Amino acid sequence: MKQRIASRIVLGLPLIWLLLFVLLPVLILAMVSLSESQVGIPPYKPLLNWSEAGQAALAASLNSYVQLAEDGMLAQSLQESLTLAGLTTLICLVVGWPMAWAIARARRERRGPLLLLIMLPFWTSFLVRIYAWMTILGDDGILNNFLIWLGLIDQPWAIMNTDKAILIGMVYAYLPFMVLPLFAVLERIDQSLLEASADLGAGPARTFLSVLLPLSMPGILAGSALVFVPALGEYVIPEMMGGGGSAMMGKMLWDVFALTRDWPAAAALAMALLAAVAVPLVFLQRARHRLAGRDS
Amino acid sequence: MKQSRFPLSLLMFGYAFLYAPIALLVLYSFNESRLVAVWSGLSLRWYGELFKDERFLEAAWLSFQVAAISATLALLLGTLAALSFDRNRRFWGRSMFGFLLNVPLVLPDVVIGLALLLAFVEAGKAIGWPAERGMSTIVIAHATIATSYVVVVVRARLSDLDRSLEEAALDLGARPFAVFTSVTLPLLTPALLAGWLLAFTLSLDDVVVAQFVTGPGATTLPMEIFSSMRLGVSPKINALGTLLAAAAAAAVWIAWRLQCRRR
C-alpha cells in the first residue's frame with residue numbers, strides 16, 4: 001500500500017507538470033486564437049464575459065482565421081514554408097544518404113569518430129553557426145570578398161536576404177538529423193544482400209534502386225520528419241538570413257506577435273502551424289505501420 | 001562489391017560544409033579589423049572587448065543559472081516520468097501522458113513560446129502568479145521542453161537495464177527504496193548525466209522560447225547575441241562564438257574519452 005502511494009506521487013508529479021505547462025498552454029493558445037484583439041494589456045479581449053447577473057457569455061469568433069485567409073497571408077506563408085522545408089528535406093536526403101552510406105561502410109573502429117564529427121556541430125551554439133554563415137554570405141562577406149579578389153565577379157553576389165540563404169542555413173542546420181537515422185538503418189543492411197544482387201546480374205544503379213533504397217525507407221522517413229518538421233516552423237534562420245521579404249510561418253508569427261501586436265492573429269497562425277506539423281507526423285506514423293506490417 | 005568513390009568524396013565534402021563556417025568563425029575572431037570579412041592582422045583585441053562588455057557578462061551569468069536550474073528540474077521530472085513509464089505497463093492516462101511528453105519534441109519553438117506566454121499571462125490574471133515574467137518563467141519553459149528529451153534518454157537506458165539485478169536485491173531482502181538508491185540509480189547514472197547535459201545545452205542554445213516568455217530585465221546570452229546579430233555582424237560575436245564552440249568541443253571530447261575508458 002505504502003509503495004502504491006509512493007508510485008502515485010512519482011507518477012503524478014511529471015503528469016501534473018505536463019498538464020499545467022503543455023496541455024493548458026495549448027488550450028489557452030486555441031482560446032486566444034478565437035478571441036478579438038484590442039488595444040491594452042493583454043492585447044486581446046477575454047473569451048468569457050461575466051455579466052452582472054453572474055452569467056457567462058461566450059464571445060468566440062473566427063475573425064482572426066477569416067482575416068488571415070482573406071489577406072492571403074496564411075496561404076502565402078504556408079506555401080513558402082512548405083516549399084522551403086520540402087526543398088531542405090530533399091537536399092538533406094540527397095546529400096545525407098551517400099554520407100550515411102560512406103560512414104556505414106567505413107571500418108568499424110572509424111564509424112564512431114566519423115559519427116561524432118556529424119554530431120559535434122549540433123553541440124555548438126545554433127545561433128553562432130547561423131552567425132558564421134552571415135559573415136560568409138553577406139554582400140560584404142568573406143565569400144564575396146574572396147570572389148572579387150579572385151576577379152571572378154566585380155559586383156557582390158546577392159545571396160544574403162534571399163530564399164537561397166534560408167535554404168543554405170536550413171540544410172546546414174538540419175543535415176545531421178538526416179544522416180543519423182539513415183546511418184542507423186544502413187549500418188544494419190547485410191552485405192550478402194548486395195552480393196546476391198550483383199551475382200544475379202544487377203548493376204550498381206539497379207542494386208541501389210531495388211535493394212538499398214527500399215531497405216533504407218524507415219531511415220528516410222525518420223530523417224525526413226526530423227528535418228521537415230522543425231524546418232517548417234523555423235524562425236531564427238528566415239529572420240536572420242531571409243531578409244524582410246521572407247514570409248515563413250515562424251517569422252510571420254513573430255512579426256504579427258511583436259510588431260503588429262495582434263495576439264489573436266499570432267495565436268491563429270500558431271494553430272495553423274500546429275496543424276501543418278501534425279499532418280506530416282500522422283502520415284509518417286501510418287507509413288511506419290505499413291512498413292512494419294509488410295515486414296512481419 | 002567494389003566500394004564506389006562517390007559516397008566517400010561526398011562525405012568529405014559534407015564535413016567541409018559542416019566545419020568550414022566554424023573554422024572561418026574561429027579564424028576571423030583573431031582578426032584585428034572592425035570589419036568581420038576584411039583580414040588586417042592577428043589580434044586578441046575582440047576577446048578583450050568581449051570581457052569588458054558588462055551586458056554580455058551579465059547575460060552569460062543569467063543563462064548559466066537558467067540552464068543549470070532548468071536542467072536539474074528537467075532531470076528530476078524526466079527521470080520520474082521515465083521510471084513510471086517503464087515500471088507501470090498500464091495506468092490511467094498512460095497514452096495521454098505519452099502524447100503530452102511528445103508534444104514539446106515536435107512543436108515548433110514559436111508555437112511553444114507563444115502558448116506558454118499566453119498561459120503565463122492568463123495565470124497572472126487568474127491567480128496573480130506569475131506577477132512578473134523573467135528568469136522564473138524562462139526556467140519553467142526550458143524545464144518543460146527539456147523534460148521530454150530527458151525522458152527519451154533515460155527510457156532508452158531503462159529498457160537496456162537488466163531487471164534481474166533489482167530482483168536479486170529484493171530477494172536478498174533489500175527494501176524497495178534501498179534497491180532504487182543502490183542498484184537502479186547507479187546503473188542509470190550515465191543516462192542521467194547525458195540527459196542533464198542535453199537539457200543544459202538545449203537551454204543554453206534557446207533564443208526563441210526565451211524571447212517569448214521573458215520579461216523586463218531578463219536577457220539571456222542567446223537573446224543578447226540575437227539582438228546584436230540584428231544590428232549586423234560584429235567581431236565580438238566571433239570571439240564569443242569561438243569560446244562557446246571550444247567549450248562544446250571540450251565537453252564532447254571529455255565525454256568521448258570517458259566512454260572509451262569504460263569499454
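1. Confidence within chain B. Among the elements of chain B, the lowest mean pLDDT, 85, belongs to helix H11 (residues 235–262) of chain B, and the highest, 97, to helix H9 (residues 208–213) of chain B. Here pLDDT is the predictor's confidence in each residue, from 0 to 100, and helices (H or I, at least four residues) and strands (E, at least two) are DSSP runs, numbered from the N terminus. Chain B averages a pLDDT of 90, with 97% of the residues scoring at least 70.

2. Basis of the model. This is a predicted model, in which local features need pLDDT of at least 70 and side-chain atom pairs count only at pLDDT 80 or more, while totals for chains, interfaces and linings use all residues. Residues are numbered from 1 along each chain as its sequence is written, and chains are lettered from A and ligands numbered from 1 in the order in which they are written.

3. Confidence in chain A and in the complex. The mean pLDDT of chain A is 89, and 95% of its residues reach 70 or more. Within chain A, strand E1 (residues 48–50) of chain A has the lowest confidence, at a mean of 68, whereas helix H7 (residues 163–186) of chain A has the highest, at 96. For the complex, the predictor gives an ipTM of 0.92 and a pTM of 0.93.

4. Architecture of chain B. The secondary structure of chain B consists of eleven helices and zero strands. The C-alpha trace of chain B spans about 70 × 65 × 35 Å along its principal axes. Of the 263 residues of chain B, 42% count as buried; a residue is buried if 20 or more other C-beta atoms lie within 10 Å of its own, exposed if 12 or fewer, and partly exposed in between, with C-beta atoms placed from the backbone. Among the contacts in chain B with a separation of 6 or more, 77% join residues 24 or more positions apart; two residues are in contact if their C-beta atoms, placed from the backbone, lie within 7 Å.

5. A cis peptide bond in chain B. The peptide bond from B:Trp129 to B:Pro130 is cis, with omega near -5°. B:Pro130 is found in the loop between helix H5 (109–127) and helix H6 (135–160) of chain B.

6. The interface. In the complex, 71 residues of chain A are in contact with 66 residues of chain B. Helix H1 (residues 2–33) of chain A gives the most to the side of chain A that touches chain B, with 18 residues. The residues of that side of chain A divide into 57 nonpolar, ten polar and four charged. In this division Ala, Val, Leu, Ile, Met, Phe, Trp, Tyr, Cys and Pro count as nonpolar, Asp, Glu, Lys and Arg as charged, and the others, Gly among them, as polar.

7. The nonpolar core. The largest nonpolar core has 159 residues, and those with the most contacts inside it are A:Leu253, A:Leu269, A:Ala270, B:Leu114 and B:Ala115. H7(A) gives the most to this core, with 18 residues. Such a core is a set of buried Ala, Val, Leu, Ile, Met, Phe, Trp, Tyr and Cys residues joined through C-beta atoms within 7 Å. Not counting residues up to four places away in sequence, A:Leu269 touches A:Leu68, A:Met249, A:Met252, A:Leu253 and A:Val256.

8. A bent helix in chain A. At 1.5 Å a residue, the 32 residues of helix H3 (residues 73–104) of chain A should span 46 Å, and the distance of 44 Å between its end C-alpha atoms agrees. The expected span of a helix is 1.5 Å times one less than its number of residues. H3(A) bends by about 30° at A:Gly96, and a proline, A:Pro98, follows within four residues; the bend at a residue is the angle between axes fitted to the seven residues ending there and the seven starting there.

9. Positive phi values. Phi of A:Asn161 is near 65°, a positive value in a residue other than glycine. A:Asn161 lies in the loop between helix H6 (142–150) and H7 of chain A and is partly exposed, with 18 other C-beta atoms within 10 Å. Phi of A:Arg261, also a residue other than glycine, is positive, near 55°. A:Arg261 belongs to the loop between helix H12 (249–258) and helix H13 (263–295) of chain A.

10. A buried loop residue. A:Glu234 lies in the loop between helix H10 (217–232) and helix H11 (236–241) of chain A. A:Glu234 is buried, with 27 other C-beta atoms within 10 Å.
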